[in-house]
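Student: Could we go through how to read contacts, burial and aromatic pairs in a model like this one?

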Amino acid sequence: MAKRDYYEVLGIKRVATEIEIKSAYRSLAKEYHPDRNAGDKEAERRFKEVNEAYEALKDPQKRAAYDQFGHAAFEGGMGGRGGPGFGPDFASSMSDIFDDLFGDLMGGRRGQARGGRSGREAGADLRYNLEISLTEAYTGKTAQIRVPASVKCETCSGTGAKPGTKAKTCTTCGGIGKVRASQGFFTIERTCPHCQGRGEMIDDPCSDCTGSGRVQKERTLSVNIPAGVEDGTRIRLAGEGEAGLRGGTPGDLYIFLSIKAHEFFQRDGADIFCKVPISMTTAALGGQIDVPTLEGTTTRVKIPEGTESRKQFRLRGKGMPVLRAKVSGDMYIEVDVETPKNLTRKQRELLEEFERASHKETSPESAGFFSRVKEFFEGKSG
């Protein structure tokens, strides 16, 4: 039977990109994989056909040869017996299939996790919770933190081997970190059981780190906290996490900020709110009050006569700095009119005199309310 055109096999156009080729291949490989089509000879045939087409088109040089000469480009040994699908790269393609299909279940991305032949493993990321005050969030600060973590062993420079010695190539896998097993037309790669996928063996480990290339140590780090940070802000310190195994890439350190509640101020985004009690006379007659700010100073606010509770006064630019912007929010002063308590006899007499002299214009809200109540009930009785 004549071979089908490789582009037709993958269902793509001849101008398809490498990404489109790989996407079509992965989709078809999953669809016709023998593990999903047990005993289906047609699915097995299509699976082989898809692999053969992908092996020819994924490589730019092979693809160029195929575009020019067709299937003849792989005859005479260019792809090995049976075409490119069964040449020297077939085991590699099978490994790609298993990574795509079962990578999540078996750890996935093994080469990245193990670092290939080097035996190195990337270090873990770390989290550090840091609580700051609202004032510190307003001004920004440089904080000193102490972080216990694994760091590179200075004795062996992170290699894990005793000074003067070095790791040897694993004799079981030849330094690859993987071993292969054949099952029919499958070639399956597994992690080398001798070196656990590192590709190296240390016969004489470092006495300080016992071969891991890292030791536990508490470090002091400086963290720059910019002005305007919000509660829950995350700051990343690249390379300050756990040291990698045997010289592997270190992880990152993530600082999670929380902001303590303030005694006087409440925050809403970039705006600051402050509730200030004022006396009844100040509210009635008007006046001026000095209110605190996050700058550590006070600012004067003018209170007009007849001010009522919950009246807000806006102070532009006195709020929180906006992160990565040269602007600030506003500050809102909300007044709370305080009712006099613990009156002296003289104060009581003065208030009683004031009450007798009061009229509708003095307290229009209350006078209007009770007037409407009276009219309402008189209307009911009539």
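Tutor: Contact means heavy atoms within 4.5 Å. In the protein chain, among contacts between residues at least 6 apart in sequence, 64% join residues at least 24 apart. This is a predicted model, in which local features need pLDDT of at least 70 and side-chain atom pairs count only at pLDDT 80 or more, whereas totals for chains, interfaces and linings use all residues. Residues are numbered from 1 along each chain as its sequence is written, and side-chain values use heavy atoms, with hydrogens and water left out.

Student: How many aromatic pairs does a search of the whole structure find?

Tutor: Rings of Phe, Tyr and Trp (its six-membered ring) pair if their centres lie within 6.5 Å, and planes under 30 degrees apart count as stacked, over 60 as edge-to-face and the rest as tilted. The search of the whole structure finds four such pairs. One of them, Phe273 with Tyr332, is stacked, at 5.1 Å centre to centre and 15° between the planes. This pair links distant parts of the chain, since Phe273 lies in strand β11 (residues 271–279) and Tyr332 in strand β15 (residues 331–338), 59 residues apart; strands are DSSP runs (E, at least two residues), numbered from the N terminus.

Student: Is Tyr332 buried or exposed?

Tutor: Buried means under 20% relative accessible area, exposed over 50% and partly exposed in between (1.4 Å probe, protein chains only). Tyr332 is therefore buried, at 17%, while Phe273, at 26%, counts as partly exposed. Buried residues make up 36% of the 382 residues in the protein chain.

How values were computed. Helices (H or I, at least four residues) and strands (E, at least two) are DSSP runs, numbered from the N terminus.
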